[in-house]
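Dear colleague,

I am passing on the structure below, and would be glad if you could read it alongside the notes that come after it.

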Amino acid sequence: MPQHTLRQKLEILADAAKYDASCASSGTAKKNSLGGKGVGSTEGMGICHAYAPDGRCISLLKVLLTNHCIFDCHYCINRKSSNVRRARFTPQEVADLTINFYKRNYIEGLFLSSGIVKSSNHTMEQMVECAQILREEYDFRGYIHLKTIPEADPQLIHQAGLYADRVSINVELPTRQGLNRLAPDKDERQIESALAKTKSRIIEAKDERKRFKHAPRFAPAGQSTQMIVGADNASDADIVGKASKLYGAFGLRRVYYSAFSPIPDASAVLPLKRPPLMREHRLYQSDWLMRFYGYAPGEVAQATDAHGNLPLDIDPKLAWALKFRGSFPVDVNRGSKEQLLRVPGLGTTAVGRILAARRHRTLRLDDVAKLTQSIAKVRPFLVALDWRPTMLTDRADLRTLLAPKQEQLELF
């Protein structure tokens, strides 16, 4: 491997890490360096930006320990047969970079992943060593997210969870057939076994913290995973079903979706072009429906087309509403929270405001307009004191009326 300067290594390995989407930092335990002890903090406003549920922007140093890999996954630009520049950090170099960037106010934490060099255990040991240096030698109290390796020894993954705020293991592809075809070195059962063990350890650590104040924390921000979209023939319905099973079986904090991106010297089994980025966006919206709006995976699948894919021109919530118009309109003054959450154009915040406001007065359409961002999308699906959609909900061209208008941008 050629010798690179630290700057060159950072250029190569930060660029190689951009394909990993799962770097959100929400949900961690709050830590700070008040009182003159320690370095870093997981609080406040913040080169990778993640957003917490409360809107805080968290800046992370997102980097690979190395982009050398003994695996040959077809979709990965860092596979062993890929013709890319290779580089490798030492654990000490990553720790020093993190501290130096933090002191310059560039970042608030570290997202560390890696290709597999020598063996899974060797690579995992290096990543754990980096986190250990940060926590024990530098007393760093900022955010650390470690991408763990399912093939590594469980004890190493356990050590990673003791140092990291969040750990993650990528399931990579939504179907076993796709994984066997495109990532022959990976085993779905091994991945799921590692997820299950991490879940058990997180639960045990929480119980121990209830009984013993100084019991060690284990991945207090939980675990997450990522699926690649568009590299195989899996439909959106397949992906949504897989995500639901992962949430239910392993208590994941997030499932991330990453649209497949064509890579140089790609394998012949891969698609020639990437899927629309809007497809990735629609999957995130469907994920939101399951997590916060009470939709079952089967209901999200009902919004798909004959091929099992979500429409790209409208969001999945509107697609479901158009297919099941018999569930509408919903009376804004009498409908339950569950019914209101299914109204296109009403988010969780708007529904909360409606429920609070109607305790004091009977709501009119203008009142609803003040509580939501777009009344045009809401009108066909709501009844208010002074508004009934009459035949509007049943119009054959309702989809055309509500779909976002496509505009041609001007070059000059």
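Predicted model: local features only at pLDDT ≥ 70, side-chain atom pairs only at ≥ 80, totals over all residues.

Residues are numbered from 1 along each chain as its sequence is written, and side-chain values use heavy atoms, with hydrogens and water left out.

The largest pocket holds about 770 Å³ of space. A pocket here is an open set of points on a 1 Å grid over the protein atoms alone, where a 1.4 Å probe fits, with protein on both sides within 12 Å along at least five of seven lines, and lining residues have an atom within 4 Å of a point; a volume is the space filled by probe spheres set on the points, which are joined across faces, edges and corners. Its lining consists of 40 residues, with Asp20, Tyr75, Cys76, Asn170 and Glu172 nearest the centre. At least two lining residues come from each of strands E3 (109-113), E6 (223-229) and E7 (254-259), where strands (E, at least two residues) and helices (H or I, at least four) are DSSP runs numbered from the N terminus.

The second largest pocket has a volume of about 540 Å³ and is lined by 17 residues, of which Tyr293, Gly345, Leu346, Gly347 and Lys377 lie nearest its centre. Helix H8 (277-292) and helix H10 (316-323) are the elements that give two or more residues to this lining.

Helix H8 has 16 residues and spans 23 Å from its first C-alpha to its last, close to the 22 Å expected at 1.5 Å a residue, the expected span being 1.5 Å times one less than the number of residues. Its buried residues (under 20% relative accessible area, with a 1.4 Å probe and protein chains only) are Arg279, Arg282, Leu283, Ser286, Asp287, Leu289 and Met290. Seen down the axis of H8, these fall within an arc of 155 degrees, so they line one face of the helix; the arc is that of the directions from the helix axis to the C-beta atoms. Among the elements that cover them, by contact (heavy atoms within 4.5 Å), are E6, E7 and H10. After H8 comes Gly294, with a positive phi near 80 degrees.

In helix H10, 7 of the 8 residues are buried, and the cover over those buried residues includes H8, helix H9 (297-302), helix H14 (375-378) and helix H15 (398-402).

With best regards

How values were computed. Buried < 20%, exposed > 50% of the residue type's maximum accessible area, 1.4 Å probe, protein only.
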